[in-house]
Amino acid sequence: MVFGHSDRGRSSVVDPVTLKILVAGGFGAGKTTLVGAVSEIKPLRTEELLSEVGRPVDDIGGVEAKTTTTVAMDFGRITLREDLVLYLFGTPGQDRFWFLWDELATGALGAVVLADTRRLEDCFAAVDYFERRGIAFTVAVNCFDGATRFPEETVRDALDLDPDVPVMLCDVRQRESTKTVLISVVEHAMKIAAEQRQAAGG
């Protein structure tokens, strides 16, 4: 196992491995909804109402019904197995809060980049951020009601992703759909870590 823990002999008590996962994407892509749908604890949210003052800088095209925005982070937790716990950190989606990203990314195993096909260009910045920092990520296309659905390969081409980056369709309102995305992030990150170890040893 890539991210294991020390052998505690025959003890039946398991100390879980805890991993940090970021949930990123454009404004209104569904980050807060994802964390809330899957978290086994009451999510910590730092949302504020959208104001008239912010309208010149907050582009709500395509998400006109959105009335709040995350100004710091969302936080949740999910236990995938008795020995594996994920801590989820939802990033703010607006450019004016990007100064928080470096701190949130510290120690992260991997990330989910949520994409909205109505505003696909909004996730370019998140893709670029994780690529430049070498953080493994999965692109999850949030299938909004009424939005055009495109094949995964079409999304991959539009975002100019490397062939090994997972692309998935999901509904962040559904716990099992979101859980599948998170498992993909962990598996992808572990695969990359194993390849890097093998390359270093070779």
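# Sheet, helices and salt bridges in a predicted model

An open sheet of six strands runs in the order β4-β5-β1-β6-β7-β8, with mixed pairing. The model is predicted.

User: What makes β4 and β8 the edge strands of this sheet?

Analyst: Each of them, β4 (74–81) and β8 (167–170), pairs on one side only. On average, neighbouring strands of the sheet are turned by 25° against each other, direction ignored.

User: What makes β1 and β6 a pair?

Analyst: β1 and β6 are joined by five bridges in the parallel sense, and the cut-off is at least two. Glycine 25 stands opposite leucine 114 in β6, and the bridge partner of leucine 22 in β6 is alanine 111.

User: Which helices pack on the sheet?

Analyst: Helix α1 (residues 31–38) packs on it, touching β1, β4, β5 and β6. The direction of α1 makes about 45° with that of β4. Helix α5 (residues 175–201) also packs on the sheet, and its contacts are with β1, β4, β5, β6, β7 and β8. For α5 the angle is about 155° with the direction of β7.

User: Why is β1 called largely enclosed?

Analyst: Eight of the nine residues of β1 are buried, so the strand is largely enclosed by the rest of the structure.

User: What makes the buried residues of α3 line one face of the helix?

Analyst: In α3 (residues 124–133), the residues Ala126, Val127, Tyr129 and Phe130 are buried. Seen down the axis of α3, the buried residues fall within an arc of 160°, so they line one face. Their cover includes β1 (17–25), α2 (101–105), β6 (110–115) and β7 (136–142). Just after α3, glycine 134 takes a positive phi of about 70°.

User: Why is threonine 91 called buried, and where is it found?

Analyst: Threonine 91 has a relative accessible area of 1%. Buried means under 20%, so threonine 91 counts as buried. Threonine 91 is found in the loop between β5 (84–90) and α2. Not counting residues up to four places away in sequence, threonine 91 touches Val23, Ala24, Gly25, Lys31, Trp101 and Leu104. The C-alpha atoms of threonine 91 and threonine 32 are separated by 8.8 Å, and the two residues are 59 residues apart along the chain.

User: Is threonine 117 buried or exposed, and how do you know?

Analyst: The relative accessible area of threonine 117 is 18%. With the cut-off for buried at under 20%, threonine 117 is therefore buried. Threonine 117 lies in the loop between β6 and α3.

User: What does threonine 117 touch, and what does its side chain reach?

Analyst: Leaving out residues up to four places away in sequence, threonine 117 touches Val141, Ala147, Thr148 and Phe150. The side chain of threonine 117 reaches the backbone oxygen of threonine 148 at 2.9 Å, and a polar contact needs N or O atoms within 3.5 Å.

User: How many salt bridges does the structure hold, and why is the contact of aspartate 116 with arginine 118 called one?

Analyst: The structure holds ten salt bridges. In general, side chains of opposite charge can pair when their charged atoms come close. The closest N and O atoms of aspartate 116 and arginine 118 are 2.9 Å apart, and the limit is within 4 Å. Aspartate 116 has 4% relative accessibility, so it counts as buried, whereas arginine 118, at 36%, counts as partly exposed.

User: What makes arginine 119 and aspartate 122 a salt bridge?

Analyst: Their closest N and O atoms are 2.7 Å apart, and the criterion is within 4 Å. Arginine 119 is buried at 6% relative accessible area, while aspartate 122 is partly exposed at 25%.

User: What joins Asp145, Asp171 and Arg173 into one network?

Analyst: Arginine 173 forms a salt bridge with aspartate 171, with the closest N and O atoms 2.9 Å apart. Salt bridges that share partners join Asp145, Asp171 and Arg173 into one network. Aspartate 171 is buried at 18% relative accessible area, and arginine 173 is partly exposed at 45%.

Notes: Residues are numbered from 1 along each chain as its sequence is written. This is a predicted model: local features need pLDDT of at least 70, side-chain atom pairs count only at pLDDT 80 or more; totals for chains, interfaces and linings use all residues. Side-chain values use heavy atoms; hydrogens and water are left out. A salt bridge is a side-chain nitrogen of Lys or Arg within 4 Å of a carboxyl oxygen of Asp or Glu. Buried means under 20% relative accessible area, exposed over 50%, partly exposed in between (1.4 Å probe, protein chains only). Helices (H or I, at least four residues) and strands (E, at least two) are DSSP runs, numbered from the N terminus. The arc is that of the directions from the helix axis to the C-beta atoms. Contact means heavy atoms within 4.5 Å. A polar contact is a pair of N or O atoms within 3.5 Å; within protein, one must be able to donate a hydrogen and the other to accept it, and residues adjacent in sequence count only if both atoms are side-chain atoms. Axes are lines fitted to C-alpha atoms, for helices over the stretch in contact, and angles run from 0 to 180 degrees between N-to-C directions.
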